[in-house]
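Subject: Structure handover

Hello,

Here is the structure we talked about passing on. Please open it first, then read my notes below.

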Amino acid sequence: MRIEEPAASALLAEATEAVARPEYDRSGLVAGIVHVGVGGFHRAHQALVIDRLLRQGLAREYAICGVGLLPGDQRMRDVLTEQGGLYTLVEKHPDGRRDARVIGSIIDYLYAPDNPEAVLERLAHPDTKIISLTVTEGGYNISPVTGDFDLSTPAVVADLAPDAVPQTTFGLITEALRRRRDRGTGPVTIMSCDNIQGNGHVARDAYTTFARAKDPELAEWIAAEVRFPNSMVDRITPVTTDTDRAEIAEQFGVRDGWPVVAEPFFQWVLEDHFAAGRPEYDRGEVQLVEDVEPYELMKLRLLNASHQGIAYFGHLAGYTYAHEAAQDPVFATFLLNYMNTEAIPTLRPVPGIDLDDYTKTLIERFSNAEVKDTVARLAAESSDRIPKWLVPVIKANLESGGPVRLSAAIVASWARYAEGVDEKGEPITVVDRLADQLTAAARTQREDKTAFIADRELFGDLIDDERFVAAYTEALDSLIDNGAHATLERLITTG
């Protein structure tokens, strides 16, 4: 895709005065950022930041070229091509107010299966300074048990073969880095924006391990020259629905094939550690820091883990949307109790953040009925989330002697949900790369109470800890016998 101004103009042809337009000249923009995994979150977050800067006359050499690798990315390619790279971002306020702006920071899009060579050359191009990633928690191919990059994955094995045409992010980026080294183009920054603790460290380990298996000398160059900053990103961005499209067309006159809706809250904390320059991110409301870890642990263990607390209990209790559950006093009390008694004690002080205020703000954000974030979205891909967001809280408290009753109950709610049948006997669609494995284990837990947590790749040695197992089985028994809502009531009224 290249910018096609007629297509871009068509998107805005009937837009109302309320829509903020990208009034900067897009024709002279340079794609200094290549972003892999252009979805709703990227377009509501990182692409928004570049648009903010462009509106200030900044970052003209840091526009974005998107890259898609998965079959589902073909639709993004088609929509962005048709719309000249433009799309609408609508922020939904709790009082019903809507703020709409058309984002113009994405100026190109490449679908790797169509033309891997074009992607390689874009990644290796001298204009490219940053390669950013939103490839989900599972996109780094890391074993949850060993914490190491898995070299045995079939796609990775295929990309490691001599003369292979790269298909994975690891193969594509590593080959592009080889070209940059050999051509003297110089290193880039690989910037992970996924919800993983130490996401920069995880990305560095993944890419250097792959490169070491492919070309040890190249791996040494990457380790020495390429930068992998850590970051913490935060904005609730639900899946776009047909209702969203219709409302945006009616209220703002924009007929957008794939708009994005998001909550008003925005946070991006970024380690200032770049190899070849960066945009003036701080002018775009990004917090540049030396140490991201306190912020990322705060977000992962409070917001993300609490989302898991809503997801399974909420679905089992009959809720469709996250705000419905968060507005239920029983759910709100449970989440606050989890955050205050189990999660916060595992955190370091967070500079500039009052954690008590932060937790209350989270309940307010979860309760925003305008966002309509579904519990189904929050419950998806749990095998990539629970081990990274909640299990560390449990392990830290087991080591310190702290409480684990509420976090164990969240794990139990996942196990009950994974049975694939709700409390009314209706089927649950378990969306997870390990769905078959999880459901098979969950459906044996009426006879073997610890069957679900016996998976050491997901839970490590938690099954060996009597205190955790007792809390887990107590919650699981209650979920089976009494249901989700009654279980939560019991959890918040007993010590």
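**Overall fold**

Of the contacts in the protein with a separation of 6 or more, 78% are between residues 24 or more positions apart. Contact here means heavy atoms within 4.5 Å. Note that this is a predicted model: local features need pLDDT of at least 70, side-chain atom pairs count only at pLDDT 80 or more, and totals for chains, interfaces and linings use all residues. Residues are numbered from 1 along each chain as its sequence is written, and side-chain values use heavy atoms, with hydrogens and water left out.

The protein has 22 helices and 12 strands. These are DSSP runs, numbered from the N terminus: helices are H or I with at least four residues, strands are E with at least two. The radius of gyration is 23 Å, close to the 23 Å from the globule rule for 495 residues, so the protein is as compact as a globular protein of that length. That radius is taken over C-alpha atoms, and the rule is 2.2 Å times the number of residues to the power 0.38. The C-alpha trace spans about 65 × 55 × 45 Å along its principal axes. Buried residues are 59% of the 495. Buried means under 20% relative accessible area, exposed over 50%, and partly exposed in between (1.4 Å probe, protein chains only).

**Sheets**

Two strands pair if DSSP finds at least two bridges between them. β4 (residues 87–92) and β5 (residues 98–103) are antiparallel, over 6 bridges. In that pair, leucine 89 sits opposite arginine 101 of β5.

Isoleucine 103 belongs to β5. Its relative accessible area is 0%, so isoleucine 103 is buried. Beyond neighbours within four places in sequence, isoleucine 103 contacts Tyr24, Ala47, Leu48, Asp51, Gly85, Leu86, Tyr87 and Leu89.

Elsewhere, β7 (residues 130–133) and β8 run parallel, joined by 4 bridges. Isoleucine 130 faces threonine 189 in β8. Strand β8 (residues 189–192) is covered on both faces: Thr189 and Met191 are buried on one side, Ile190 and Ser192 on the other.

**A helix pair**

α13 (residues 329–343) and α14 (residues 355–366) pack at about 145°, with axes 10 Å apart. Axes are lines fitted to C-alpha atoms, for helices over the stretch in contact, and angles run from 0 to 180 degrees between N-to-C directions. From α13, the contact uses Ala332, Leu335, Leu336, Met339 and Asn340; from α14, Thr359, Lys360, Leu362, Ile363 and Phe366.

**Two loop residues**

Most residues other than glycine have a negative phi. Glutamate 285 has a positive phi, near 75°. It lies in the loop between β11 (267–271) and β12 (287–289). Glutamate 285 is exposed, at 55% relative accessible area. Lysine 372 also has a positive phi, of about 55°. Lysine 372 is in the loop between α14 and α15 (375–379), and is partly exposed at 41%.

Best wishes
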